[in-house]
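Dear colleague,

Please find the structure below, together with its sequence. My notes on it follow.

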Amino acid sequence: LAFSPSWDLKAYAMMEFLEPNTEDWMAWARYLGPAGSAPPAPASWHRLSWHTDHMRRRACGLRPAEGDMFEADRVAYSKHVRRHFLAAGIQARPWCPEEA
């Protein structure tokens, strides 16, 4: 959606629920109507998609042979995913900007 002419996308960074050290992103998109196709996703994103599903299952306890995920694991993984977004030119704005 980020590079499709048919969509207006905004990404927001916020604290993961009850984990102040973990950044989470929320996307908001508005459909603008048919305006052409989006470019294909980078090849690295296919692996990232698979891996985020894998990590989600692990975080939910559905991969017991791999052990539990702790806060440090989730913090490190959120930074890993964030680097993929930044490399593609997608940045999130703070959900609640810091007050001056």
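In strand E3, Arg-93 is the bridge partner of Tyr-12. Helices (H or I, at least four residues) and strands (E, at least two) are taken here as DSSP runs, numbered from the N terminus. Two strands are said to pair if DSSP finds at least two bridges between them.

Before I continue, a word on the source: this is a predicted model, in which local features need pLDDT of at least 70 and side-chain atom pairs count only at pLDDT 80 or more, while totals for chains, interfaces and linings use all residues. Residues are numbered from 1 along each chain as its sequence is written, and side-chain values use heavy atoms, with hydrogens and water left out.

Overall architecture

The protein contains two helices and three strands, arranged along the sequence as β-β-α-α-β. Its C-alpha trace spans about 45 × 40 × 20 Å along the principal axes. Of its 100 residues, 21% count as buried, where buried means under 20% relative accessible area, exposed over 50%, and partly exposed in between (1.4 Å probe, protein chains only). Taking contact to mean heavy atoms within 4.5 Å, 59% of the contacts between residues at least 6 apart in sequence join residues at least 24 apart.

The sheet

The three strands form an open sheet in the order E2-E1-E3, with mixed pairing. Strand E2 (19-31) and strand E3 (93-94) are the edge strands, each pairing on one side only. E1 and E2 run antiparallel and are joined by 10 bridges. Within E2, Asp-24 stands opposite Met-14.

The hairpin of E1 and E2 has two residues between the strands. Leu-18, in the loop between E1 and E2, has a positive phi of about 60° although it is not a glycine. Leu-18 is exposed, with a relative accessible area of 69%.

The helices and the core

Which residues make up the largest nonpolar core? The five are Leu-48, Met-55, Met-69, Tyr-77 and Val-81. A nonpolar core is defined here as a set of buried Ala, Val, Leu, Ile, Met, Phe, Trp, Tyr and Cys residues joined through side-chain atoms within 4.5 Å. Helix H1 (43-59) and helix H2 (71-87) each supply at least two residues of this core. One of the core residues, Met-69, is in contact with Met-55, Arg-58, Ala-59 and Arg-74, leaving aside its neighbours within four places in sequence.

Trp-45 lies in helix H1 and, at 22% relative accessibility, counts as partly exposed. Trp-45 and His-84 are 39 residues apart in sequence, yet their C-alpha atoms are 7.8 Å apart in space. Beyond its neighbours within four places in sequence, Trp-45 is in contact with His-84, Phe-85, Ala-88 and Ile-90.

Ser-78 is found in helix H2. Is Ser-78 buried or exposed? Ser-78 is buried, with a relative accessible area of 17%. With neighbours within four places in sequence left aside, Ser-78 is in contact with Thr-22 and Glu-23.

The loop between E2 and H1

Gly-36 is found in the loop between E2 and H1 and is partly exposed, with a relative accessible area of 46%. Although Gly-36 and Pro-5 are 31 residues apart along the chain, their C-alpha atoms are separated by 6.1 Å. Not counting residues up to four places away in sequence, Gly-36 touches Ser-4, Pro-5 and Ser-6.

The largest pocket

The largest pocket has a volume of about 1100 Å³. On a 1 Å grid over the protein atoms alone, a pocket is an open set of points where a 1.4 Å probe fits, with protein on both sides within 12 Å along at least five of seven lines; lining residues have an atom within 4 Å of a point. Grid points are joined across faces, edges and corners, and the volume is the space filled by probe spheres set on the points.

The lining comprises 35 residues, of which Trp-25, Thr-52, Arg-56, Val-81 and Phe-85 lie nearest the centre of the pocket. E1, E2, H1 and H2 each supply at least two lining residues. By class, the lining has 24 nonpolar, four polar and seven charged residues; Ala, Val, Leu, Ile, Met, Phe, Trp, Tyr, Cys and Pro count as nonpolar, Asp, Glu, Lys and Arg as charged, and the others, Gly among them, as polar.

With kind regards
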